[in-house]
Amino acid sequence: YPTLTWADIGAIGWLVDGAAIMNQVPLQRCSYGPYSRAMVRICKEESFHQRQGFDIMMKLANGTPAQRGMAQDALNRWWWPALMMFGPSDKDSVHSAQSFAWKIKQESNDAARQRFVDTTVPQAEYLGLSVPDPDLRKNEERGGYDFGEPDWNEFFNVLAGNGPCNRERLAARQKAWDDGRWFRDGLMAHAEKAEMQAQPQAAE
């Protein structure tokens with residue numbers, strides 16, 4: 001997805017990294033030791049990104065009307081991709097059963113998504129911003145929020161490599177590879193020269 005303004009950096013930190021944290025914190029208790037231990041450090045870093053993103057959004061939301069508009073626009077564009085960060089709905093998740101059996105996964109996709117919405121909507125209200133979901137309703141009975149379904153066609157289309165910035169991303173990777181060829185060639189030439197210089201010494 002494109003980042004159009006500085007507000008996108010705030011929204012990504014607040015929402016996308018916030019969703020990542022909710023996915024990753026339970027993984028600190030997963031059955032695979034190296035993964036669970038690595039998640040401790042990763043979650044600390046993601047927490048910094050999330051706080052930084054929220055701080056950016058708060059500054060913009062309390063700024064000029066134009067800045068406030070930037071913040072709302074970024075929230076409008078990043079809300080649904082953030083919800084998609086939790087993966088497909090439980091009924092369409094083909095790997096969840098195995099992940100639960102191996103004790104890698106601790107929480108279902110839909111449960112984690114619900115927890116994210118229940119946590120994040122009050123934060124948006126604190127900022128004075130509106131969550132772009134016409135189906136969003138406070139559920140007084142359970143103390144959380146009911147919300148609409150993400151566009152799962154868009155989700156699976158992005159997974160298939162047809163995201164709005166996918167071609168640009170791949171082109172940038174290819175350009176970086178091509179532009180770095182001179183450096184790789186230099187490393188290979190240096191290694192070959194060092195090997196040739198070492199051969200007479202080995203013969204002696």
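The structure is a predicted model, in which local features need pLDDT of at least 70 and side-chain atom pairs count only at pLDDT 80 or more, while totals for chains, interfaces and linings use all residues. Residues are numbered from 1 along each chain as its sequence is written, and side-chain values use heavy atoms, with hydrogens and water left out. A salt bridge here is a side-chain nitrogen of Lys or Arg within 4 Å of a carboxyl oxygen of Asp or Glu, and by this rule the count comes to 10 salt bridges.

**Two pairs of partly exposed residues**

- Arg115 and Glu107 are joined through their side chains by a salt bridge of 2.8 Å, N to O.
- Arg115 has a relative accessible area of 33% and Glu107 one of 22%, so both count as partly exposed (buried is under 20%, exposed over 50%, and partly exposed in between, with a 1.4 Å probe and protein chains only).
- Asp146 and Arg142 form a salt bridge of 3.5 Å, N to O, and Asp146 is partly exposed at 34% relative accessibility, as is Arg142 at 40%.

- The side chains of Arg181 and Asp185 meet in a salt bridge of 3.7 Å, N to O.
- Both Arg181 and Asp185 belong to helix α8 (residues 181-203), where they sit 4 residues apart, about one turn of the helix; helices are DSSP runs of H or I with at least four residues, numbered from the N terminus.
- Arg181 is exposed, with a relative accessible area of 54%, whereas Asp185 is partly exposed at 42%.

Technical notes
Helix = DSSP H or I, 4+ residues; strand = E, 2+ residues; numbered from the N terminus.
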